[in-house]
Amino acid sequence: MSLRYRVLAALLGLCLLFPAQPGHASDKDGEDGYRLWLRYAPLDRSVGQQYDFVGAGIALDGIQSPTTDVAISELQTGLHSMLGLSVAEHPLAHRPAITLRRIGAGQADPVAANCNLAADISGGFSISVSTEGDEPKIQIAAFDDIGLLYGSYALLRHVQQGKPLAAIAHCEMPRIAQRLLNHWDNPDGSVERGYAGRSIFDWWRLPDHVDRRIIDYARANASIGINGAVLNNVNARARMLSAEYIAKAAALADALRPYGIRVYLSARFSAPRDIGGLPNADPLDPHVRQWWKAKADEIYRAIPDFGGFLVKANSEGQPGPQDYGRTHADGANMLAEAIGDRGLIFWRAFVYKAENGEDRVKQAYSEFTPLDGQFADNVIVQVKNGPLDFQPREPFHPLFGAMPKTPLAIELQITKEYLGFSTHLAYLGPLFEEALDADTGIGDIPKPVASIIEGSDGGHRTSAIAGVANIGSDRNWSGSHFDQANWYAFGRLAWNPSLSSSTIADEWIGQTFTRKPSARQAIATLMLESREAVVDYMTPLGLAHLMGTGHHYGPAPWVDNLERADWNPFYFHQADRNGIGIDRGRNGTNALSQYSARAAVRFASREEQNLPFLLWFHRIGWNEQIATGRTLWQELVLRYDRGLSWVEEALTKWNGLKADIDPRRHAEVADFLKIQKREAKWWRDASLAYWMDRNGQVLPAGAEPPATSLEHYKGLSFPDAPGN
Ligand code: BDP
């Protein structure tokens, strides 16, 4: 590049310099986590110099749009911050170093021919490098402008991790079409199961004021490929569908649109009655159908690309079609008709009833499988990863694979309702990966849950994945620095379910905490082990749902007096003198029969590799010898102890990383690890005290007795626990 051009580019770049963003490392208060994985920390000269040429500028070859504007501005921000280059946007003639090339209809991507970039899959892109003269040139090519934005973020992700230019060429397409966050946010600003402060959606000030944070939220989501957001809680308030709130949602939709994010709303099924003045909400009543049609039209006038509705019906007291003797399909299809081709209905399969005596984990399958084939083709049935409720570990949900005629979305929980809220370090990458990789056992070769979601052989109209968001207005967004990684991991796996949780952890660390290899490795190890440690000290060996009533904070396995049997922790372990766990085989609840033969054989086995699900599927005597050679009681104690020791060691290891992490974030994480250590001990001690009360056993030699009495643990109460 000529000197003249360099000077010109630098001058142009100066005009484009971005104001320091909030939370920049140079802030006197130190790094606060606000910038998430878009920190764009300066690269060492030795790494950055291979990218020096990008100072020559960026060009757009194709139609300009708000989305391409975002792509260019993000590249400028990121490259300037990381490489110190002022990157000008200028026409093609000036020999740009980066070209964003929109591939025309009917054309093929010439550079990435061997990756089969498909014109009909939105968001795919290729990145290639060529050398003209002695100057490398990067091209990002895509069929749509959102692909150009995703490609730009992929380039930034690559540079940000300090990876070599030579390795940048690749091509990607999303494997799942609809990648949604589900916010459980209420119009009053509270967040159900939210541990990161108030809602980021400032409903009170909307639509007149859209906070800058919404743009940063959109950037973060777009950078990992999230393309939909359900704005409100599944336990929905009907007024979210009022004209007033539609206008507010429309303002958010306008802000999110350039980032490729469509907004959706959770719809309260009884809305025609609650706010529409109708006497009922019967899905077969023509007036009700007409009301929804008119409501959908009203929404589409305000939000032309509105994504659709998410519905929790006849579940945990929410209204639904069964209130009128109709089925889930009747309810979903009515909404599907109102929305038509314009959008989608996400109908949740999280249902169980007080009056139903069937094992709670069997009920969704029993209710939904008979409806397979009855749903309209713009309905997606949204199924939690496991049949119970977002536990630290669950077997996969038997509905996956059991409704071949219906597109199923998997719903994962990013917020850690059952894994220690935001104060416990529990990286959920391994949990998500385990859920997506679980072999449904259908057919002769492994058929993972992910392939059911992707719908590769189902011929469905679309495919979808949802994550219950952990985002709030805390400065660091997620309540803890490490919980940002769970949002990140969800997005990356939604894009490509085959990515490994360790690759994702490494990527995230390189973009957030540090690029230093030794520290990166140490942090990754902590992250990757963390979820298993939580399983160990909360719900080892397939136990589940032992958390405190309502808020789900801390241990309360003794609770057995709630109005609904299946809300009681006791229901899920039934520990007595003789044993613990639920027989879900043929002589028990027979939940096993809901799985394919291959999966059922696996879950029925008591071999070592199936110990994670042992007490989920089996009732075992305390003194029975299990696959490890120890008795069940010995093994339980060992696992509680192992979980607790892990946290103690994690704190020591984290303290050893002090020199590698900026002081503020280091101290904040250390504080949380101390809380986790205290609470892991509480979990271990309270659980063991209770089990001993049930089983009359003494602790194995060498095990430390609980710090205090069972009565003490039972007496604790937490009326102010968050998220409830
Ligand atoms: C449970 C939560 C509850 C949710 C429910 C759901 O405790 O707050 O409303 O799931 O998913 O895990 O509908």
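Is the crossing of α18 and α19 left-handed or right-handed? The crossing is left-handed, and point 4 below places it in context. The remarks that follow concern a predicted model.

1. Surroundings of the ligand. The ligand is surrounded by 14 residues, and the closest of these are E192, R348, K384, D389 and E417. Sorted by class, this shell comprises eight charged, four nonpolar and two polar residues.

2. R348, one of the closest residues, has a side-chain N or O atom 2.6 Å from an oxygen atom of the ligand. For R193, the separation between an N or O atom of the side chain and a ligand oxygen atom is 2.9 Å. N235 likewise places a polar side-chain atom 2.9 Å from an oxygen atom of the ligand. As to burial, the ligand taken alone exposes 320 Å², and the protein buries 97% of that area.

3. Packing of α15 against α18. Helix α15 spans residues 517–538 and helix α18 spans residues 632–655. Their axes lie 8 Å apart, and the two helices pack at an angle of about 150°. Angles over 145 degrees count as roughly antiparallel, and α15 and α18 are therefore roughly antiparallel to each other. The crossing in which α15 passes α18 is left-handed.

4. Packing of α18 against α19. Helix α18 also packs with helix α19, which covers residues 663–695. Here the angle is about 165° and the axes are 9 Å apart. By the cut-off of 145 degrees, α18 and α19 are therefore roughly antiparallel to each other as well. This is the left-handed crossing raised in the opening question. The contact of α18 with α19 contains 17 nonpolar, seven charged and five polar residues.

5. A cis peptide bond. Where does P207 lie in the chain? P207 belongs to the loop between β6 (178–182) and α5 (212–223). The peptide bond that joins L206 to P207 is cis, with omega at about 0°.

6. F421 is located in the loop between β12 (408–413) and α11 (429–437).

How values were computed. Residues numbered from 1 in each chain as written. Predicted model: local features only at pLDDT ≥ 70, side-chain atom pairs only at ≥ 80, totals over all residues. Heavy atoms only, no water. Near = heavy atom within 4 Å. Polar contact = N/O pair within 3.5 Å; in protein donor to acceptor, adjacent residues only side chain to side chain. Areas by Shrake-Rupley, 256 points an atom, 1.4 Å probe, with all protein chains shown as cover. Nonpolar A, V, L, I, M, F, W, Y, C, P; charged D, E, K, R; others polar. Axes fitted to C-alpha atoms, helices over the stretch in contact; angles between N-to-C directions. Helix = DSSP H or I, 4+ residues; strand = E, 2+ residues; numbered from the N terminus. Parallel < 35°, antiparallel > 145°, perpendicular 65-115°, else oblique. Left-handed = near helix turned anticlockwise from the far one by under 90°.
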